[in-house]
Amino acid sequence: MNPSRLVKVGLVQQRVGPDAAANLEHTVDGIRDAAKRGAKLVCLQELSNWYYFCQREDHQFFSLAESIPGPTTERLSSVAAELGVVIVASIFEKRAEGLYHNTAAVIDGDGRYLGKYRKMHVPDDPQFYEKFYFTPGDLGFRVWDTMIGRLGVLVCWDQWYPEAARLTAMQGAEILIYPTAIGWLPPEKVEYGERQEAAWQTIQRSHAVANGCFVVAVNRVGHEVLPGSEPSHPGIEFWGGSFVVDPGGRILVHGGRDEEVLVAECDLSQVDIVRTHWPFLRDRRIDAYNGLTQRYLD
């Protein structure tokens, strides 16, 4: 018998405004709300301190970046220690002059900064011009032992790569966490919107099943048009829909289209149970996967 290891996970799904300091304090309010409802792990959305600036290639937005650890992790560390919660936060990292990353920081429940993950897969789609800002991550896929369990952290576009989820799960991650900024381009929403959101949810549920772990996806909400945009600029409508999935692929909690603090109870003992009964890790044919390290098999 596996004794239960119950832990409540909080997801802070929010809108942002023009004041980064006010946005951070709004996030802290969400963390407090989750903690008040019993959450011991609180996960934040991608780049939560300001608008999703990658809608436009603009050098002035590099001024939004900060060091990690730095001001945001210091503020969140104090909140983590006060509330006794683990926090996963997504921050625009300035590593050096001219060198920036899209990074997630992990803070333990006693306020200690444990480390960071730098987004490995960086997109370049219309209004998602992340390659202009971010150097691809160079820290590899990582896990952290926290007071509630072993966490693996990936970021947004990493969601579409089963290799990233697998390599993180193979280090023992019990929960995969994806801070996210995904939404509709308004002119495309009617034709593609439903399919895009369904695909986004399906691929992450598959990571939970294939790897026998929990998956947490935290997305932004709100229609964001960057300050200084042309009047006709459509912006991005972030669809929210944050969710938590158990190792069987079952959705435990699912957010709507507006601001919301979600809390899901996860029994981490299910990871061992599911991996034993559906032993996908045992049955991997590692002798036959050499091709996975090739770009394409011509």
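Reply: Let us start with a cavity, which on a 1 Å grid over the protein atoms alone is a set of points where a 1.4 Å probe fits but cannot get out; the largest cavity here has a volume of about 30 Å³, a volume being the space filled by probe spheres set on the points, with grid points joined across faces, edges and corners. A search of the whole structure finds one cavity of 30 Å³ or more. This is a predicted model, in which local features need pLDDT of at least 70 and side-chain atom pairs count only at pLDDT 80 or more, while totals for chains, interfaces and linings use all residues. Residues are numbered from 1 along each chain as its sequence is written, and side-chain values use heavy atoms, with hydrogens and water left out.

Me: Which residues line the largest cavity?

Reply: Lining residues have an atom within 4 Å of a point, and here they are Val209, Ala210, Asn211, Gly212, Arg275, Trp278, Pro279, Phe280 and Leu281. Six of the lining residues are nonpolar, two polar and one charged, where Ala, Val, Leu, Ile, Met, Phe, Trp, Tyr, Cys and Pro count as nonpolar, Asp, Glu, Lys and Arg as charged, and the others, Gly among them, as polar. Helix H5 (residues 189-211) gives the most to this lining, with three residues; helices (H or I, at least four residues) and strands (E, at least two) are DSSP runs, numbered from the N terminus.

Me: Is Gln159 buried or exposed?

Reply: Buried means under 20% relative accessible area, exposed over 50%, and partly exposed in between, with a 1.4 Å probe and protein chains only. Gln159 has a relative accessible area of 0%, so it is buried, and Gln159 is found in the loop between strand S9 (150-153) and helix H4 (162-169). Not counting residues up to four places away in sequence, Gln159 touches Tyr178, Thr180, Trp200, Ile203, Gln204, His207 and Ala217, contact meaning heavy atoms within 4.5 Å.

Me: Which residues touch the most other members of the largest nonpolar core?

Reply: A nonpolar core is a set of buried Ala, Val, Leu, Ile, Met, Phe, Trp, Tyr and Cys residues joined through side-chain atoms within 4.5 Å. Of the 46 residues in the largest one, Val9, Leu41, Leu151, Ile175, Ile177 and Val216 touch the most other members. Strand S12 (residues 214-218) supplies the largest share of this core, five residues.

Key. 1 Å grid on protein atoms, 1.4 Å probe; cavity = no way out; pocket = protein on both sides within 12 Å on 5 of 7 lines; lining within 4 Å.
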